[in-house]
Amino acid sequence: MTEIGRPVIRQGADGGVPALRTDRLGRRYGKVWGLRNCTIEVPAGAVAALVGPNGAGKTTLLQMIIGLLEPTEGQVKVFGRASRANTTQTLARVGYVAQDHPLYRDFTVADMFHLGRAMNLSWDQQLAVARVAELGIPLGRKVRHLSGGQQAQVSLTMALAKKAPLLVLDEPVSSLDPVARLEFMRDLMAAAADSALTFLIASHVVAELERFCDWLIVLSRGHVQLAGPADDLLGDHRLLTVPRATADSELPGTVVERIDSDRHSTVLVCTDPVQLAVQGHAGWQADPVSFEQLVMAYLQRPAPTVDGDPGPAAQRPWPSAKAVTR
Amino acid sequence: MFRFRLDGSSGVPPYLQLVHQVRQALLLGYLQEGDRLPTVKDVAADLVINPNTVVKAYRQLEHERLAGGRPGQGTFITAAAAPVRPEAQDLRDSLEAWLRAANEAGLDEAAVTALIAVARRDLSKERERAR
């Protein structure tokens, strides 16, 4: 039995109300599904990364989460409450930093804050003013005279001042140079330390994500391929080097990716480490997998075979062996 | 104040890297009982990493009784530095002798690393079977 194409979805340890939960969420554009069967959970306080290539369905998912797009099927719950598109209540509960940091170019920073106060149900003017002062951005300066990095900082400040418990960022650093990118992420990580907010960061840049996120969602071809706590997902995967003749059925766990050489094969398996120790052979070598290897392997996996019904997601068949819980 | 660093290419999860650095600093005497560790926010901003990672590392240190949180004050080192045992020097001498022998036998860096990895794996398998 081949399980290739089945998503791997891990649940968090604690049973609290998740910050975000989507249930069999789907959106169809004409005859084409932009996203299908998307069931994910992000616990409160997490910094979650949503990874996928362009066209994977990231923006479709984000727009349904922030309430700008009505799902074709399924639903979105933010802190246990169902979201409905284009309602003030839904929009107030989710902060959003868009990819291109849309601000009015002829407005000053103070004008932008004035607009933010007028357009949001809740607004923390003190937080907004204190943040830009700390970042050295003058309140009276026009947006057009700010650097790209400063515009990104103002966008983030406005999203934070909205006081929404869930903050969604769509490719927040893709338009920034490396220094501005680092400064933005530094500022974001400090903001995360200061608050009890939950972050969902969409990105197509896989490198370095390991530093920023503790929760991972891999999206490809409109389907969730991998989701769960980043450390658990890394712990559940091993890179095996085995003789070429070894059949998939002899390997412990599920084969995610297999590369055959003349005499040996390199196989990424999703497996219980204990099972591997029992079932492993003397000639096998098992190495831990890097974050980037893991994400790339799942991004390149074939899509589920039956498009309409990929079946139940693969559930963790063994208890969590974590010594430290979140 | 103690400062952490992060090696992005080591393959060791970031939270474990932080834990290892405290353990190592304790062994070398760079950290002593009563020293305050930097705040979660300072480490997150300094290394540009997820604050939850720092929280996880500090919890692990508390679990190992190497550090403890004092409400409103921060996280402090609670363990006394382990004195270097006399065996350590002997072990270091014999390791140096072994490395010299490996060098004379014509083994390069990669071969030495591979040999050490294989020996470690065999030992851990031995321990696994003994359990």
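1. A residue is buried if 20 or more other C-beta atoms lie within 10 Å of its own, exposed if 12 or fewer, and partly exposed in between. A:R221 has 19 C-beta neighbours inside 10 Å and therefore counts as partly exposed. The structure is a predicted model, and the points below should be read with that in mind.

2. A:R221 sits in the loop between β10 and β11 of chain A. Its phi is positive, about 50°, although A:R221 is not a glycine. Most residues other than glycine have a negative phi. The loop is the turn of a hairpin: β10(A) and β11(A) have two residues between them. Six bridges join β10(A) to β11(A), residues 223-229, and the two strands run antiparallel. Within this pairing, A:S220 stands opposite A:H223 in β11(A).

3. Strand β10 of chain A covers residues 215-220, and six of its six residues are buried, so the strand is largely enclosed by the rest of the structure. A:W215, A:I217 and A:L219 point one way from β10(A), while A:L216, A:V218 and A:S220 point the other way. In a regular strand the side chains alternate between the two faces of the sheet. Both sets in β10(A) are buried.

4. β10(A) also has a parallel partner. Strand β4 of chain A, residues 47-51, is joined to β10(A) by four bridges, and these two strands run parallel. A:L50 stands opposite A:I217 in this pairing. Strands of a sheet pair through backbone hydrogen bonds, either parallel or antiparallel. β10(A) does both, with β4(A) parallel and β11(A) antiparallel.

5. Which residues does A:L216 touch, leaving aside its neighbours within four places in sequence? They are A:A49, A:V51, A:L226, A:A227, A:G228, A:A230 and A:L233.

6. A:K163 has a phi of about 60° and is not a glycine. A:K163 is found in the loop between α5 and β8 (166-170) of chain A. With 17 C-beta neighbours inside 10 Å, A:K163 counts as partly exposed.

7. Chain A also has an open sheet of four strands, in the order β3-β2-β5-β6, with antiparallel pairing. Its edge strands are β3 (32-42) and β6 (81-82), each of which pairs on one side only. Strand β2 of chain A, residues 20-29, runs antiparallel to β3(A), and seven bridges join the two. A:L20 stands opposite A:V42 in β3(A).

8. A:N37 lies in strand β3 of chain A. Is A:N37 buried or exposed? A:N37 counts as buried, because it has 23 C-beta neighbours inside 10 Å. The C-alpha atoms of A:N37 and A:G222 are separated by 8.6 Å, although the two residues are 185 residues apart along the chain.

9. Chain B has five helices and three strands, in the pattern α-β-α-α-β-β-α-α along the sequence. Its radius of gyration is 18 Å, well over the 14 Å that the globule rule gives for 131 residues, so chain B is more spread out than a compact globule. The C-alpha atoms of chain B fill a box of roughly 55 × 35 × 35 Å along the principal axes. Buried residues make up 21% of the 131 residues in chain B.

10. Chain B is divided into domain 1 (14-77) and domain 2 (86-130). The centres of these two domains, taken over C-alpha atoms, are separated by 31 Å. Among contacts in chain B between residues at least 6 apart in sequence, 56% join residues at least 24 apart.

11. The two chains meet through 19 residues of chain B, which are in contact with 23 residues of chain A. On the chain B side, α2 (40-47) and α3 (51-63) each supply at least two residues. α3(B) gives the most, with seven residues. The residues on this side of chain B divide into eight nonpolar, seven polar and four charged.

How values were computed. Residues are numbered from 1 along each chain as its sequence is written. Chains are lettered from A and ligands numbered from 1 in the order in which they are written. This is a predicted model: local features need pLDDT of at least 70, side-chain atom pairs count only at pLDDT 80 or more; totals for chains, interfaces and linings use all residues. Domain bounds come from an automatic or database domain assignment. Two residues are in contact if their C-beta atoms, placed from the backbone, lie within 7 Å. Ala, Val, Leu, Ile, Met, Phe, Trp, Tyr, Cys and Pro count as nonpolar, Asp, Glu, Lys and Arg as charged, and the others, Gly among them, as polar. Two strands pair if DSSP finds at least two bridges between them. The radius of gyration is taken over C-alpha atoms; the globule rule is 2.2 Å times the number of residues to the power 0.38.
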